[in-house]
Amino acid sequence: MRGRSLIENMAITFGLDYGRHNLFIDRRQERRVTESWLKRLKVKTPSAKVNIEALSGGNQQKVVMGKWLMGRRLKVLLLDHPTRGLDPGARDDLFDAIRNSASDGLVVIFVGDTTAEILELSDKVLVMKDGRVVQKYDLSGGDTPTEGEIVAAMV
């Protein structure tokens, strides 16, 4: 949200999760959790109190991602091209956070920009064409499709 600090932007969705009895906002806890996520996502900022507009576009994207990842009750996260416009370093930071959250039990459904990106991040790949699943790959089960095979299934 424009004109708001990183703390306000990240805690707005799940602020009461970090409050007392889910009734009262605990500003210190919000700040601690936000700062922890800013570190995990490697957001380049002098402080969690700066306005989001002070950050680069890539760091703003990381803050938006952090807003959702910090939800304690989050079970499924749908990501539609989350790395579009990010530089390679920011993309890697975002992928690390996604992998860590997935290893903690979060289900991540990911629509990627490139087949290489999809193969790098996914355990399972579903290829769709005309609204139907036409091919499935279980990467964690030993399937090793090439980018060419995935593209061929799309056309």
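Which residues are exposed on the other side of H2? Arg28 and Lys39 are, where exposed means over 50% relative accessible area, buried under 20% and partly exposed in between, with a 1.4 Å probe and protein chains only. The model is predicted: local features need pLDDT of at least 70, side-chain atom pairs count only at pLDDT 80 or more, and totals for chains, interfaces and linings use all residues. Residues are numbered from 1 along each chain as its sequence is written, and side-chain values use heavy atoms, leaving out hydrogens and water.

Select helix H2, residues 27–40. Helices (H or I, at least four residues) and strands (E, at least two) are DSSP runs, numbered from the N terminus. Gln29, Glu30, Val33, Thr34, Trp37 and Leu38 of H2 are buried. They cover an arc of only 170° around the axis, which puts them on the same side of H2; the arc is that of the directions from the helix axis to the C-beta atoms.

Next, display Arg40 and Trp37. The charged end of Arg40 sits over the Trp37 ring, 3.8 Å from its centre (the criterion is NZ of Lys or CZ of Arg within 6 Å of the ring centre and within 35 degrees of the ring normal). Just after H2, Lys42 takes a positive phi of about 55°.

Finally, select Phe95 in helix H4 and Phe110 in strand S2 (residues 107–111), 15 residues apart. Their ring centres are 6.0 Å apart and their planes at 85°, so the pair is edge-to-face. Rings of Phe, Tyr and Trp (its six-membered ring) pair if their centres lie within 6.5 Å; planes under 30 degrees apart count as stacked, over 60 as edge-to-face and the rest as tilted.

Technical notes: Expected span 1.5 Å × (residues − 1).
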